[in-house]
Amino acid sequence: MENDEETSGQMIDEIYANGGSGEDEKRQRPIINGEQLDVEAYAALYSGRAKIIRLLFIAENCGNLTMQLEALRMAYDEIKKGEDTQLFREVVQKIDGRLGPTYGMDSAWVDSVERRAEQRKEKLESELNAYRTNLIKESIRMGYNDFGDFYYAHGALGDAFKNYSRTRDYLHHSKAYNQHVLECHSCQH
């Protein structure tokens, strides 16, 4: 038990939260120093957009070139699992050919994703218009929610937030309201 407290104390010394109580020396210590961070293990703690954003943060703020390139490589791979073509272009630009031709601009993928997105958007608009015509509140709410999901997947967070917010007018019970709050919160962060 005493050994656990000792280990815990060492960990707190190594990773010290900003603004915590402690000596001035501890407050000045960096959370990540010059040592190698296991980028893959760190990224595995997250999924989706949060994972990509954290990888890009590492790439932009880390002074170690190997870690920067590893974070960019992982961000590239993760983005290609989704549909955010704008973020993909930004990552390709940041890579700037440093990872070889495999991690360059994939125009065929971008065109394919954008073509599918346009078709999906037209389908969602058609469905939502039908729901509005029939005045089915739950379907209208779900239509706006689907649009929010669509825009979130494509990186248009402002449009996603607008559509998630529109669902509020069509909520029937507290469970749906709680889901609505979570979706709106995810678009803001």
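Exposed here means over 50% relative accessible area, buried under 20%, and partly exposed anything in between (1.4 Å probe, protein chains only). The model is a predicted one, so local features need pLDDT of at least 70 and side-chain atom pairs pLDDT 80 or more, while totals for chains, interfaces and linings use all residues. Residues are numbered from 1 along each chain as its sequence is written, and side-chain values use heavy atoms, with hydrogens and water left out.

Most residues other than glycine have a negative phi. Leucine 135, though not a glycine, has a positive phi of about 55°; it sits in the loop between α7 and α8 (137-153) and counts as exposed at 68% relative accessibility. Aspartate 96 is no glycine either, and its phi is positive at about 50°. That residue lies in the loop between α6 (85-95) and α7 (107-134), helices being DSSP runs of H or I with at least four residues, numbered from the N terminus.

On to charge pairs: the whole structure holds 11 salt bridges, each a side-chain nitrogen of Lys or Arg within 4 Å of a carboxyl oxygen of Asp or Glu. In one of them, aspartate 84 pairs with arginine 49, with the closest N and O atoms 3.0 Å apart. Aspartate 84 is in the loop between α5 (65-79) and α6 and arginine 49 in helix α4 (residues 48-61), so the pair ties together parts 35 residues apart in sequence. Aspartate 84 counts as buried, at 6% relative accessibility. Glutamate 127 and lysine 123 also form a salt bridge (3.7 Å, N to O); they are four residues apart in helix α7, about one helical turn.

Key. Helix = DSSP H or I, 4+ residues; strand = E, 2+ residues; numbered from the N terminus.
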